[in-house]
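Please follow the description below with the sequence and the model side by side.

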Amino acid sequence: MRHARIERWSRVASPLHRRHATAKIIAALVMLVCIATLTRQSLWCCALYLALLATAVPLSKLPPARILLSAAAVLPFALCFALVSAISGEPDRAVMLLVRGYLSSLTALLLIATTPMPELLAGFEVLRAPRFLLQVMQFLYRYLVVLMEEASAMQDAAGSRAGSIRALQLRQATGAAGVLFARSYGRAQAIHRAMVARGFDGHIPEFRTHRFLVPDALFAAVAAGLAISVRLVLP
Amino acid sequence: MRNIVEVRELRYVYEDGTEALKKIDFELEAGETVALLGANGSGKTTFALHLNGILRATSGSVVIDGIAMSDKTLAEIRRRVGLVFQDSDNQLFMPTVLEDVAFGPLASGKSPEEAAEKANAALTQVGMAHKAGKAPWHLSAGEKKRVAIAGILAGDPKLLVLDEPTTFLDPPGQRGLADLLESLPQAKLLITHDVPFAQRLTERGVFFEAGAIAAKDRIPAIVERFGW
């Protein structure tokens, strides 16, 4: 499953994994802001950002092809908006939408694939991200997994009786979506109960406490500095 | 022996008005094991959820280890009562076995070092120390159950409440679980349909029927009386 793969990636030992989550978040946020401000004249910038991110992939000791391909998962969504731009006579803008979408997705993927979720949330907490937002992220992550597991179980059940899930008609599929929601809700409730029974008070405690060291500060400064420099020097 | 659980006239009514528990009186001594038997929907699990404060009584009282259940004592009571849920997949939510088992001690304010020590000791106790670095979803059903129990033991509870502990387990897994539970000194409340499993661990049974306790007796007597 995809979530299990990212979870596994986040546990790999590499120079990038060893960096403090806060340092990686700062670097990723700066990168995302730089990417968001790219204009249709910034093609060199795009190429350099891609090169920068592609350099980070081997540093993370993660499979390069899988990472680069997984980041493309966002493209179908970006494509919808790109098509609207292309149809309205702005092909440059359409291309830039796709490029910005891919670069942002690659940045975010590198962050989550090199940082275990509890450390990532702790990193955001250090940066004073609102606690409520972090709790939402925490539960969203846990329950998305539940939703995927329930959907997979239902797909197997439907497939075993209907021959293929594609054999379901729209009306049945709509009913199945309702059942999926109800099942996921029930399971989410069971998980929440199990967490509360073990002392969960809205905060998942961090098991491995990482101190923010000088190399972490250097990493954040160099990564953010590079991203900003590229954006300022090139058009 | 002093009582670890004292429940008096416990009633629980759902928001729709359904009375799920009807004036339950129940005691359990420290170190004792009791099996809760009864049909699905008879109120066994609803009752067990009151012992840890997951559900709160509509009326009546729940006293655990001499502490009356209230908002103020909830954290203290949860440290004393460990719930092992039917589906271990719902209970294991951290990325590695060690981190999952350490969750309870960390949540109760222990340092990461103390939590790791407790977690390792609990994993050794259930024979799962060699799987500490594994992801929970890579374990077999029997191993998951053991890890779920370790997660509870790491919090040093005085009472273990096990909801259908043999579900998903093959016969060797069931025997292994019974051996493990026999070796644990804590008081235990077994919610189960598995009569032979219950009989291996205890003589004493409580039979639930339509939200009320219909009998407190030796398990063979209950089986005979209710055709169970």
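B:Val7 stands opposite B:Val62, a residue of strand 4 of chain B, and in that strand B:Ile64 is the bridge partner of B:Val5. This is a predicted model, in which local features need pLDDT of at least 70 and side-chain atom pairs count only at pLDDT 80 or more, while totals for chains, interfaces and linings use all residues. Residues are numbered from 1 along each chain as its sequence is written, with chains lettered from A and ligands numbered from 1 in the order in which they are written.

Strand 1 and strand 4 (residues 59-64) of chain B run antiparallel and are joined by 5 bridges; strands are DSSP runs of E, at least two residues long, numbered from the N terminus, and two of them pair if DSSP finds at least two bridges between them. Strand 1 (residues 3-13) also pairs with strand 2 (residues 19-29) of chain B, in the antiparallel sense over 7 bridges, and here B:Glu6 stands opposite B:Glu27. The hairpin of these two strands has 5 residues between them, and B:Gly17 takes a positive phi near 95°.

In chain B, 4 strands form an open antiparallel sheet in the order 2-1-4-5. Strand 2 and strand 5 (67-68) stand at the edges, each with a single partner strand, so one side of each is left without a neighbour in the sheet.

In chain A, A:Asp216 lies in helix 11 (residues 214-233), helices being DSSP runs of H or I of at least four residues.
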